[in-house]
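Hi,

Here is the structure for you to take over. Please open it first, then read the notes below.

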Amino acid sequence: PGGVDPLAYVLGCSMGGHAALELARAIPARMGAVAAISGYFPPAELGDLIGRTAEVPLLLAHRRGDRCCPFHLVEALHEARLAAGGAGGGAETEAWFSDGERHSPTEEERDDTIR
């Protein structure tokens, strides 16, 4: 009882979202959960990312029209994780996708989330 949780809970935005996904891929057994907001990863790494992070709870937040980090990559990750989870395994995957072209939330959206 007590002590420090040995698992890491990581959140990253934009390039930090990429770093959070890479960290989860590198040491999935050490991750408690990962949130990637407007994150990016190379398309060629999708299969490995899905396989190595299958047991890591994941939150993906992204705008469909993001011109900095393409939405279709995150959408593909989300769909693949849902398909893998529906096949009898995998950690929870949640997505907060919205319309718009901004790369990050507006101040109003941040305030609404905090409330």
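Phe-71 is buried, because its relative accessibility is 10% and the cut-off for buried is under 20%. Keep in mind that this is a predicted model.

Phe-71 also takes part in an aromatic pair. The structure holds 1 such pair. The partner is Phe-97: the ring centres sit 4.8 Å apart and the planes meet at 90°, so the geometry is edge-to-face. Phe-71 belongs to helix H3 (residues 71-86) and Phe-97 to strand S4 (residues 93-98), so the pair ties together parts 26 residues apart in sequence.

Now the fold. The chain has 4 helices and 4 strands. Along the sequence they run β-α-β-α-β-α-β-α. The radius of gyration is 14 Å, close to the 13 Å from the globule rule for 115 residues, so the chain is as compact as a globular protein of that length. Its C-alpha atoms fill a box of roughly 40 × 35 × 25 Å along the principal axes.

Some totals for the chain:
- Buried residues make up 30% of the 115.
- Of the contacts between residues at least 6 apart in sequence, 66% join residues at least 24 apart.
- The accessible surface is about 6,800 Å², and carbon and sulfur atoms account for 58% of it.

Last, confidence. The mean pLDDT of the chain is 88, and 94% of the residues score at least 70. Strand S2 (residues 31-37) has the highest confidence, at a mean of 96. Helix H4 (residues 107-114) has the lowest, at 75.

Over to you.

Technical notes: Residues are numbered from 1 along each chain as its sequence is written. This is a predicted model: local features need pLDDT of at least 70, side-chain atom pairs count only at pLDDT 80 or more; totals for chains, interfaces and linings use all residues. Side-chain values use heavy atoms; hydrogens and water are left out. pLDDT is the predictor's confidence in each residue, from 0 to 100. Helices (H or I, at least four residues) and strands (E, at least two) are DSSP runs, numbered from the N terminus. Rings of Phe, Tyr and Trp (its six-membered ring) pair if their centres lie within 6.5 Å; planes under 30 degrees apart count as stacked, over 60 as edge-to-face and the rest as tilted. Buried means under 20% relative accessible area, exposed over 50%, partly exposed in between (1.4 Å probe, protein chains only). The radius of gyration is taken over C-alpha atoms; the globule rule is 2.2 Å times the number of residues to the power 0.38. Contact means heavy atoms within 4.5 Å. Accessible areas come from the Shrake-Rupley method with a 1.4 Å probe; for residues, only the protein chains shown count as cover.
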